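Reader: I would like to learn how to read charged side chains in a structure. Please take the general idea first and then the case at hand.

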Amino acid sequence: MSGPTRVNLFELVPEYDESDPEGYRAGMARFGPALGATQMGASLYEIPPGQSICPYHYEYPEEEWLAVVAGRVTLRHSDGEDVLGVGDIVCFPPGPEGAHKVTCLGDETARVLMTSTKQSPGIAVYPDSGKVGIWTQRDGYQSMVKSEPRLDYWDGED
């Protein structure tokens, strides 16, 4: 077949990172680059029972979408929690109103598709742990810093 590059969502094999701590042992298949995407990101996550994709967070300036492909997940968000099942799709806008954490519910491994805009730098805020992460498209992860104490703009300047 010629034309656009094609990836089959159901043939992707998520990879697990053995260094992920208990509670966050989810597999991931990042496939946006395989499609030649430069402005959108896409990953398929496989989430075993009791595991989460990542800690509760929100991002700037990215918007993310979540679609449940298999199983059920608990979605913690800025207004509480909801249970999502196959076919459910939600959007996480930039900023605190888009805060989220996705955890597998029940005894069945869940699979979710996450897509996002790709803007650089990307900033993720983790309100539970009081930290902020900074990423760039070219260099990847750059820094994880505590959000407190807040410094004055002129701190350290002569």
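Reader: Is E22 buried, partly exposed or exposed, and what is its relative accessible area?

Author: Buried means under 20% relative accessible area, exposed means over 50%, and partly exposed lies in between (1.4 Å probe, protein chains only). E22 has a relative accessible area of 55%, so E22 is exposed. This is a predicted model, in which local features need pLDDT of at least 70 and side-chain atom pairs count only at pLDDT 80 or more, while totals for chains, interfaces and linings use all residues. Residues are numbered from 1 along each chain as its sequence is written, and side-chain values use heavy atoms, with hydrogens and water left out.

Reader: Which side chain meets E22 in a salt bridge?

Author: Side chains of opposite charge can pair when their charged atoms come close. A salt bridge is a side-chain nitrogen of Lys or Arg within 4 Å of a carboxyl oxygen of Asp or Glu. E22 meets R25 in this way, at 3.0 Å from N to O. R25 is partly exposed because its relative accessible area is 38%.

Reader: How many salt bridges does the structure hold?

Author: There are 4. One of them joins R150 and E148, at 3.0 Å from N to O. R150 has 67% relative accessibility and so counts as exposed, whereas E148, at 49%, counts as partly exposed.

Reader: Which salt bridge partner does R76 have, and where do the two residues lie?

Author: The partner of R76 is D128, with the closest N and O atoms 2.6 Å apart. This pair links distant parts of the chain, 52 residues apart: R76 is in strand β5 (residues 72–77), and D128 is in the loop between β10 (122–126) and β11 (131–136). Strands are DSSP runs (E, at least two residues), numbered from the N terminus. R76 is partly exposed at 27% relative accessibility, and D128 is exposed at 53%.

Reader: What is the nearest side chain of opposite charge to E59?

Author: Lys and Arg count as positive and Asp and Glu as negative; His and the chain ends are not counted. For E59, which is buried yet has no salt bridge, the nearest such side chain is R30, 9.4 Å away. E59 lies in strand β3 (residues 58–60).

Reader: Which side chain makes a polar contact with the side chain of E59?

Author: A polar contact is a pair of N or O atoms within 3.5 Å; within protein, one must be able to donate a hydrogen and the other to accept it, and residues adjacent in sequence count only if both atoms are side-chain atoms. The side chain of H57 makes this contact with E59, at 3.2 Å.

Conventions:
Helix = DSSP H or I, 4+ residues; strand = E, 2+ residues; numbered from the N terminus.
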